[in-house]
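Thanks for coming. Please have a look at the structure on the screen, and then I will walk through it piece by piece.

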Amino acid sequence: MLDGPSVAAALKGCGVTHVVWIPDSELGTWDQALSSDSDLQLIRVCREGEAIAVAAGLMLGGKHPVVAIQCTGLFEAGDSLRNIVHDMKLPIFMIVGLRGYYAYQQKKTSDTCPVFAEPILKAWQIPYTILENRHTAADLAHAYRQAQAENRAAAVCLAE
Amino acid sequence: MISLREALHVLAAHRGQRIVITTMSPIAPWHELSDTPLDFAYIPSAMGQAPALGLGLALAQPERGVIVVNGDGCMLMNLGCLITLANHPANLYVLIIDNSQYEVTGGQPTAGAGRADFAGLARAAGIRRVYSYDRIEAWRKGAAEALTGDGPVAIWLKVEPKKGQKTPAPPRPMAEQVDSLKKTLLS
């Protein structure tokens, strides 16, 4: 289970400086913890492709951002991902809320988000890890550190 | 109307040590005026994302300052960025080079050609410092004020449209530009 305080602590422990985001209903529960932490700057943007570009600018300037968005926004952000990850080769790290994941596993939803989220990440060649309810912020931190150590983009998908 | 080259000449005189991000048609003429590690030709780009890239840089490097030379077509692809810029004060100056057309694809009119009020949009988004110029004399006179002080600043320049422009090419490979800019900023 990932809650706001544990995620904020994990990100700080990893040296993350900024969280650039448009929350969904699950990520949104982290707002208080992220926005009240003086060691993390929460950057609120209007669209997910914009979040990735802001994060890219922060990285060029020496900061260590993560992007937190819903999978619907991931779909919108394809051009930014292509450019920032594959043209500029910046190791963006994303936390992606995977709407309808559990309901889809149980065949109890007609939501198409879980149908396309993983194929989209594969299409954009973004390595990803799915974090389920049994996972903790330590798993998030591990995924971040591994991606940074390998200087590559990565995503964790938060099963919802 | 202002010619693009004249507009960029004025910018070159006032850019100081700030990072300049160029997009589309301004890339080639700007490269002739300035070619330093702080000049970032954003090509290949993510459509409409130069102001967002500039915001990230400006937040990371608050003492440096960033100027984004954006087209009207690029602005229209991401008008929401004006809200984001207003919400995150930083030393960021966005020049909106408005020729009312997609110049690099053959000069087709944009959806907002001749009607979109970019100054009004910027003000409505919450950006307090907004300037508009449609004559070179006024831009020459106003540039010093517009390009100093606290950001964000939006500067709307109405420039002459041109036909038959070539698709812009990067002056250097993107990887080289990224490395050069990072080294300069972080050294």
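I will start with one pair of residues in chain B: B:Ile19 has B:Val66 as its bridge partner in strand 3 of chain B. Keep in mind that this is a predicted model.

That pair belongs to a longer pairing. Strand 1 of chain B, residues 19–22, runs parallel to strand 3 of chain B, residues 66–71, and four bridges join them. As background, strands in a sheet pair through backbone hydrogen bonds, and they do so either parallel or antiparallel.

Now the whole sheet. In chain B, six strands make up an open sheet with parallel pairing, and their order is 2-1-3-4-8-7. Which strands stand at the edges? They are strand 2 (39–41) and strand 7 (129–133) of chain B; each has a single partner strand, so one side of each has no neighbour in the sheet. On average, neighbouring strands of this sheet are turned by 15° against each other, if direction is ignored.

A helix lies over part of that sheet. Helix 6 of chain B, residues 118–125, lies across strand 4 (92–98), strand 7 and strand 8 (153–158) of chain B. Relative to strand 7 of chain B, helix 6 of chain B runs at about 180°.

Over to chain A. Here strand 5 (residues 128–131) and strand 6 (residues 154–159) of chain A run parallel and are joined by four bridges. Within that pairing, A:Leu131 stands opposite A:Leu158 of strand 6.

Next, the core. The largest nonpolar core has 121 residues. Among those with the most contacts inside this core are A:Ala56, A:Val67 and B:Leu95. Helix 3 of chain A, residues 48–60, gives the most to the core, namely nine residues. What does A:Val67 touch, leaving out residues up to four places away in sequence? The list is A:Val20, A:Trp21, A:Ala51, A:Ile52, A:Ala55, A:Ile92 and A:Met94.

Last, the place where the chains meet. The contact takes 24 residues from chain A and 28 residues from chain B. On the chain B side, helix 3 (50–60), helix 5 (80–87) and helix 8 (174–186) of chain B each supply at least two residues. Helix 3 of chain B has the largest share of that side, with eight residues. By type, the chain B side that touches chain A has 17 nonpolar residues, 10 polar and one charged.

That is the tour. Questions, please.

Note on methods
Residues are numbered from 1 along each chain as its sequence is written. Chains are lettered from A and ligands numbered from 1 in the order in which they are written. This is a predicted model: local features need pLDDT of at least 70, side-chain atom pairs count only at pLDDT 80 or more; totals for chains, interfaces and linings use all residues. Two residues are in contact if their C-beta atoms, placed from the backbone, lie within 7 Å. Ala, Val, Leu, Ile, Met, Phe, Trp, Tyr, Cys and Pro count as nonpolar, Asp, Glu, Lys and Arg as charged, and the others, Gly among them, as polar. A nonpolar core is a set of buried Ala, Val, Leu, Ile, Met, Phe, Trp, Tyr and Cys residues joined through C-beta atoms within 7 Å. A residue is buried if 20 or more other C-beta atoms lie within 10 Å of its own, exposed if 12 or fewer, and partly exposed in between; C-beta atoms are placed from the backbone. Two strands pair if DSSP finds at least two bridges between them. Axes are lines fitted to C-alpha atoms, for helices over the stretch in contact, and angles run from 0 to 180 degrees between N-to-C directions.
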